[in-house]
Amino acid sequence: MKVLGVLGSPRIGGNSDILLNQALAGAKEMGAKTEKIVLSRKKIAGCLDCTKCNETGICVIKDDMLEIHKKILEGDAILHSVPLYFWAMTSQMKAYLDRWCAFFDGNWTWHKAYAPKMMGKKIGLITVCGAPDVHTSDPIVHSFRETCKLAGLKLLPPVQVSAYARGEIDKNEQAKKKAFQLGKKIARF
Ligand SMILES: Cc1cc2nc3c(=O)[nH]c(=O)nc-3n(C[C@H](O)[C@H](O)[C@H](O)COP(=O)(O)O)c2cc1C
């Protein structure tokens with residue numbers, strides 16, 4: 001079992017980072033091999049909608065996303081952790097998600113070569129927002145939920161928390177526990 005963690009916050013040691021580490025620790029406890037990608041340390045351009053990947057299954061943009069595409073294909077589960085920026089996911093996470101386009105043909109169906117690896121893959125999501133109501137980050141959940149529905153991915157119940165200052169979530173044992181449990185759950189076959 002391979003679990004890939006994807007951090008959508010540029011704030012290293014911040015709230016999303018802390019919770020992603022918790023979730024990956026949970027997955028590790030279940031015996032999973034884990035790897036973490038920090039999107040802000042990667043070069044990931046936005047999708048160009050050039051439609052070349054509809055034929056080839058390979059993105060024309062030669063940046064770090066090509067390597068991440070491979071890791072996504074190899075992973076049994078992908079865990080995302082991202083803060084809310086202006087009622088949406090961060091630009092780093094959005095650029096990453098848009099580049100999933102390369103996995104699909106012109107009808108938003110997995111390319112034949114990818115379908116066996118992608119269908120039913122487990123997706124985890126942790127969101128952090130500064131506002132006290134954790135549902136302020138629902139637009140991010142909506143985006144992931146609909147994408148997973150479209151693509152036949154299995155989105156686990158998301159963990160949504162509220163925290164504002166850098167690292168503040170470290171004091172929230174309940175949030176850390178929830179993230180740890182998500183990691184354990186996603187690593188279960
Ligand atoms: C550019 C920017 C926009 C933000 N927009 C929102 C927002 O719309 N709603 C909200 O509740 N918090 C917002 N926040 C606060 C962050 O979601 C919050 O500080 C969060 O804890 C950051 O997570 P991190 O430590 O993982 O980076 C924003 C923060 C930044 C830097």
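Tutor: A residue is called buried if 20 or more other C-beta atoms lie within 10 Å of its own, exposed if 12 or fewer, and partly exposed in between. Bear in mind that this is a predicted model.

Student: How do the axes of H1 and H7 cross?

Tutor: The axes of H1 (residues 15-29) and H7 (residues 173-186) come within 6 Å, crossing at roughly 40 degrees. That angle makes H1 oblique to H7, and the crossing in which H1 passes H7 is right-handed.

Student: Which residues make that contact?

Tutor: H1 contributes Leu19, Gln22, Ala23, Leu24, Ala25, Gly26, Ala27 and Glu29, while H7 contributes Ala175, Lys176, Ala179, Phe180, Gln181, Leu182, Gly183, Lys184 and Ile186. By class, the residues of this contact divide into 10 nonpolar, 4 polar and 3 charged.

Student: What span should H7 have?

Tutor: At 1.5 Å a residue, the 14 residues of H7 should span 20 Å, and this agrees with its end C-alpha atoms, which are 20 Å apart.

Student: Switching topic: where are Phe86 and Trp87?

Tutor: Phe86 is in the loop between S3 and S4 (88-89), and Trp87 is also placed in the loop between S3 and S4. Phi of Phe86 is near 45 degrees, a positive value in a residue other than glycine, and phi of Trp87, likewise positive in a residue other than glycine, is near 55 degrees.

Student: Why point that out?

Tutor: Because most residues other than glycine have a negative phi.

Student: Is Phe86 buried or exposed?

Tutor: Phe86 counts as exposed, because it has 7 C-beta neighbours inside 10 Å. Trp87 is exposed as well, with 12 other C-beta atoms within 10 Å.

Student: And why does Lys94 count as buried?

Tutor: Lys94, which is found in H4 (residues 91-98), counts as buried because it has 20 C-beta neighbours inside 10 Å. Lys94 and Ser143 are 49 residues apart in sequence, and their C-alpha atoms are 9.8 Å apart in space.

Student: Last one: where does Leu48 lie?

Tutor: Leu48 lies in the loop between S2 (33-38) and H2 (52-56), and it is partly exposed, with 14 other C-beta atoms within 10 Å. From Gly130, Leu48 is 82 residues apart in sequence and 32 Å apart in space, C-alpha to C-alpha.

Key: Residues numbered from 1 in each chain as written. Predicted model: local features only at pLDDT ≥ 70, side-chain atom pairs only at ≥ 80, totals over all residues. Axes fitted to C-alpha atoms, helices over the stretch in contact; angles between N-to-C directions. Helix = DSSP H or I, 4+ residues; strand = E, 2+ residues; numbered from the N terminus. Parallel < 35°, antiparallel > 145°, perpendicular 65-115°, else oblique. Left-handed = near helix turned anticlockwise from the far one by under 90°. Contact = placed C-beta atoms within 7 Å. Nonpolar A, V, L, I, M, F, W, Y, C, P; charged D, E, K, R; others polar. Expected span 1.5 Å × (residues − 1).
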